[in-house]
Amino acid sequence: MAPSSAHMQPYSIVGITNPELRSKIAKRSNNPWIEECGYFFVFCADLYRIKLAADPADQENISRNLSYSYFYQTAVFCAALAVQNANVAAESMGLGAVMIGGINEALPDLDEWLGLPEFVLPLVGLAVGVPDESPEQKPRLPRSAVFFENQYNPDLKEQIESYDREIGEYYGARTSNKQKASWSGKLVSILKQELPLGGYTEYVKSKGFDLR
């Protein structure tokens, strides 16, 4: 029941109950929780239904229009709202939920394993179960770094440095997986490298999204 642009509802959800399939996804994405959790969902951007509903004579034009980045962005955004609603619903029932973006490591095999047609992209997994721990809340960026009135403020260096100190204290004090790290340090160390992500762009295009 999450909001949806123009009531398109451009997402679908695949519940993974087959133990063998869950094991394959867990191993390929290096996420053992997929195999261990009570129930696992895969949330997908889905524009296939819209094309399917059209007359065959209109489908070529519809495919061309759906390939625009506008509709890709809309489908991803609506799917994100849906998975967040599902996360909140699970927590409201006393369950625990973890979003797993690492399922992308299992692409493009997920297409075959889940039988996904064109214009359907697996985006994120949601592992749901009974929690066996209550980890500390990870600090978020200060409000002044994410909320602006009327105009964006690009002068954020001081807020970032302050937050880096706060997150460093959090990492050093938590009861498990202690580490010396900062928010910006971890991200910069990743993003300054040559990342092998071109294959994902090509995969998205292969599903019908030219991202024009």
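Because the model is predicted, local features were considered at pLDDT of at least 70 and side-chain atom pairs at pLDDT 80 or more, whereas totals for chains, interfaces and linings use all residues. Residues are numbered from 1 along each chain as its sequence is written, and side-chain values use heavy atoms, with hydrogens and water left out.

The chain contains 10 helices and four strands; these are DSSP runs numbered from the N terminus, helices being H or I of at least four residues and strands E of at least two. In sequence order the pattern is β-α-α-β-α-α-α-β-α-β-α-α-α-α. The C-alpha trace spans about 60 × 45 × 35 Å along its principal axes. Of the 212 residues, 34% are buried (under 20% relative accessible area, with exposed over 50% and partly exposed in between; 1.4 Å probe, protein chains only). Contacts are defined by heavy atoms within 4.5 Å. Among contacts between residues at least 6 apart in sequence, 73% join residues at least 24 apart.

The four strands form an open antiparallel sheet in the order 1-2-4-3, where pairing requires at least two DSSP bridges between two strands. Strand 1 (11-16) and strand 3 (96-100) are the edges and have a single partner strand each, so one side of each lacks a neighbour in the sheet. The twist from one strand to the next averages 25°. Strand 3 and strand 4 (residues 120-129) run antiparallel and are joined by five bridges; Met99 has Leu126 in strand 4 as its bridge partner. Helix 5 (residues 69-92) packs on the sheet and touches strand 1, strand 2 (39-46), strand 3 and strand 4, its direction making about 155° with that of strand 2. Such angles run from 0 to 180 degrees between N-to-C directions, with axes fitted to C-alpha atoms, for helices over the stretch in contact.

Lys51 lies in helix 3 (residues 48-53) and, at 14% relative accessibility, counts as buried. Leaving aside residues up to four places away in sequence, Lys51 touches Gln59, Ile62, Ser63, Leu66, Glu118 and Phe119. Lys51 and Lys180 are 129 residues apart in sequence, and their C-alpha atoms are 50 Å apart in space.

Helix 9 (residues 183-191) includes Ile190, which is partly exposed at 43% relative accessibility.
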